[in-house]
Amino acid sequence: MQPTILLEAIGAIVEIKNFINHYPNATFIIGKTDDCSRRKQEYKENGYGYFKQIAKSQSLDDINELEKFLIKFSKVFYQDKIENQNDGGGGNFSESPNYFVYLTSKYDNYEHN
């Protein structure tokens, strides 16, 4: 993992912890995308109101590695909160200047930009 993505990982861990502290009864999903607006809308159509970008990289390899790490981390520390069934790394992506890891939840349909 490159040093810049390590900083993103630290920030993402803080965001996950802040979410859990603020919404202790909520469950969440961690995912990745190359288009946050489109992905947020897809989740919203399925009842997810909270959506927050928690990391960003120009490298798809780094974002794949980060997504897998954050899912594994969350399964260890928040196993009753994380809804992810697999360990990440899937999906189809187009060539993009930026890739993102996000956290989404159905909790209270709270929308966060």
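Is Val14 buried, exposed or partly exposed? Val14 counts as partly exposed, because its relative accessibility is 42% and partly exposed lies between buried (under 20% relative accessible area) and exposed (over 50%), with a 1.4 Å probe and protein chains only.

The structure is a predicted model, in which local features need pLDDT of at least 70, side-chain atom pairs count only at pLDDT 80 or more, and totals for chains, interfaces and linings use all residues. Residues are numbered from 1 along each chain as its sequence is written, and side-chain values use heavy atoms, with hydrogens and water left out.

**Sheet and helices**

Helices (H or I, at least four residues) and strands (E, at least two) are DSSP runs, numbered from the N terminus. Three strands form an open sheet in the order S1-S3-S2, with antiparallel pairing; two strands pair if DSSP finds at least two bridges between them. S1 and S2 (50-57) are at the edges with a single partner strand each, so one side of each has no neighbour in the sheet. On average, neighbouring strands are turned by 25 degrees against each other, direction ignored.

S1 (residues 29-33) and S3 (residues 99-105) are joined by five bridges, and Ile29 stands opposite Thr104. S2 and S3 pair over seven bridges, where Ala55 has Val101 as its bridge partner.

H1 packs on the sheet and touches S1, S2 and S3, its direction making about 165 degrees with that of S2. H3 (residues 60-77) lies across S1, S2 and S3 and runs at about 180 degrees to S1. Contact means heavy atoms within 4.5 Å; axes are lines fitted to C-alpha atoms, for helices over the stretch in contact, and angles run from 0 to 180 degrees between N-to-C directions.

Five of the five residues of S1 are buried, so the strand is largely enclosed by the rest of the structure. Ile29, Gly31 and Thr33 are buried on one side, and Ile30 and Lys32 on the other.

**Salt bridges**

The whole structure has six salt bridges, each a side-chain nitrogen of Lys or Arg within 4 Å of a carboxyl oxygen of Asp or Glu. Among them are these:

| Pair | N to O distance |
|---|---|
| Arg38 and Glu42 | 3.1 Å |
| Arg39 and Glu42 | 2.7 Å |
| Asp87 and Lys75 | 3.0 Å |

Asp87, in the loop between H3 and S3, and Lys75, in H3, are 12 residues apart. Arg38 and Glu42 are four residues apart in H2 (residues 36-45), about one helical turn. Asp34, Arg38, Arg39 and Glu42 are linked in a network of salt bridges.
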